[in-house]
Every structure is written in C-alpha cells, then in structure tokens.
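The paragraphs below take one region at a time.

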Amino acid sequence: MMNITYLGRKTTIKDSFKEYAEKRLKRLEKFFDDDPNVMIVVTNEGEEETVEVTIKSRGMFFRGEKASKDRQISLDLVVDVLSSQIVRNKNRLERRLKAPVPMPVDPVELEPADGADALVKTKKFPVAVMDVEEAILQMNLLGHEFFMFRNGDSGEVNVVYRRKDGNYGLLEPVQD
C-alpha cells in the first residue's frame with residue numbers, strides 16, 4: 001500500500017480528489033514490492049491546476065508533473081507519464097526495485113543568503129552510491145538534465161548529464 005502525502009499550494013485538496021488519486025495510483029502499485037512514499041503537490045495558478053507526483057521506493061525517485069484546467073486530468077496525465085517511465089525502464093528497474101537499498105534522506109532546500117544576486121536556490125541532499133547506468137536511469141526518471149551521485153567504482157562524486165546530441169556525458173573530478 002502506498003503512503004500518500006498531499007500538499008496544496010494556493011488551493012485546498014478535497015477528500016474527493018484524495019480518493020480519486022488513491023484509485024488512480026493503485027495501477028502503479030504492481031511495480032513496487034514495498035510500500036512506497038508518495039508526495040502529491042497540487043498548485044493552483046490562475047486557471048491552471050498543476051499536479052506533481054513524486055514516488056520514493058528503495059532509494060529510487062519517480063517524478064512527474066502536468067498542468068491542465070482540471071486537477072483530475074492533470075493527475076491522470078501524471079500517472080500515465082509515471083507508468084510509461086517505469087515500463088520503458090522496466091528491465092533496468094527490476095533489479096533496483098527488488099534489491100534492498102537504504103532510503104536516502106529527503107533533500108533539504110535552503111533559502112539564499114541575503115545579498116546573493118546570482119545564487120537563487122541551494123539544495124543539500126545525500127549523494128547515493130550507484131553505477132553510471134543507474135545514475136542515468138535515475139536522471140531520466142526524474143526528468144532532469146543532470147544527476148549527481150557517488151560512483152560505486154571510484155567512490156568519487158560524479159555528475160551525469162544529457163548532451164545536446166541526446167547522448168550522455170560524465171563529469172569526474174581529477175586530483176591535482
């Protein structure tokens with residue numbers, strides 16, 4: 001069973017939406033053999049209802065976000081995105097979801113320091129140990145352009161990123 005947490009930004013979340021969300025998310029439960037933590041954030045900006053769903057399971061994060069004029073439609077679109085992400089990466093995910101992995105601590109967002117013009121946001125988060133292929137998978141599941149991780153082979157902090165040509169790059173530190 002999924003552990004679902006709701007957060008409303010500039011809106012309230014009614015019980016009817018919560019029931020609808022739980023029903024829609026049931027179709028994703030088959031992909032997890034544990035009880036994943038799910039965060040649903042609903043934001044109202046004018047006429048747009050944005051729904052963001054983040055699922056944490058066995059050290060992996062799955063994230064989708066969609067906006068439309070109706071939050072239930074937005075939720076449907078997000079569930080479809082998450083489902084296709086998981087199915088598309090099923091072979092790589094199977095070994096990660098079935099293996100016991102310690103759950104990382106939630107990222108911590110810090111406010112920018114007073115007088116800092118260029119730096120608008122700072123995030124601190126644990127750097128998970130994984131191989132390059134797993135880091136690319138995690139980056140794709142999150143929909144990010146880059147992903148920082150601790151390389152299991154070298155023990156160093158590395159960054160994988162998506163290149164303009166659609167391939168991937170790896171940033172590794174060098175010792176002076």
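The largest nonpolar core has 24 residues, and among these Leu 28, Ile 40 and Val 53 touch the most other members. A nonpolar core here is a set of buried Ala, Val, Leu, Ile, Met, Phe, Trp, Tyr and Cys residues joined through side-chain atoms within 4.5 Å. Buried means under 20% relative accessible area, exposed means over 50%, and partly exposed lies in between, with a 1.4 Å probe and protein chains only. Two or more residues of this core come from each of H1, E2, E3, strand E4 (60-68), H2 and helix H4 (132-142). H2 gives the largest share, five residues. In these names, helices (H or I, at least four residues) and strands (E, at least two) are DSSP runs, numbered from the N terminus. A second, separate core has nine residues, including Met 130, Ala 135, Ile 136 and Met 139.

This is a predicted model, in which local features need pLDDT of at least 70 and side-chain atom pairs count only at pLDDT 80 or more, while totals for chains, interfaces and linings use all residues. Residues are numbered from 1 along each chain as its sequence is written, and side-chain values use heavy atoms, with hydrogens and water left out.

What does Ile 40 touch, leaving aside its neighbours within four places in sequence? Its contacts (heavy atoms within 4.5 Å) include Ile 4, Tyr 6, Phe 17, Leu 25, Val 51 and Val 53. Tyr 6 also stands opposite Ile 40 in E2.

Next come the strands around this position. Strands of a sheet pair through backbone hydrogen bonds, either parallel or antiparallel. Two strands count as paired if DSSP finds at least two bridges between them. Strand E1 (residues 3-9) pairs with strand E2 (residues 37-45) in the parallel sense, over seven bridges. Together with helix H1 (residues 15-25), E1 and E2 make a left-handed β-α-β unit. A crossover is right-handed if, with the strands pointing away from the viewer, the path from the first strand over the helix to the second runs clockwise. E2 also pairs with strand E3 (residues 48-57), this time in the antiparallel sense over nine bridges. Asn 37 has Lys 56 in E3 as its bridge partner. The hairpin of E2 and E3 has two residues between the strands, and there Gly 46 takes a positive phi near 65°.

Helix H2 (residues 71-88) includes Arg 71. Is Arg 71 buried or exposed? Arg 71 counts as buried because its relative accessible area is 14%. Its side chain makes a polar contact with the side chain of Glu 49 at 3.0 Å, and also reaches the backbone oxygen of Thr 12 at 3.0 Å. A polar contact is a pair of N or O atoms within 3.5 Å; within protein, one must be able to donate a hydrogen and the other to accept it, and residues adjacent in sequence count only if both atoms are side-chain atoms. Other buried residues of H2 include Leu 75, Val 78, Val 79 and Leu 82.

Finally, four strands form an open sheet of mixed pairing, in the order E7-E8-E9-E10. Strand E7 (129-130) and strand E10 (168-171) stand at the edges with a single partner strand each, so one side of each is left without a neighbour in the sheet. E7 pairs with strand E8 (residues 146-151) in the parallel sense over two bridges, and Met 130 stands opposite Asn 151 in E8.
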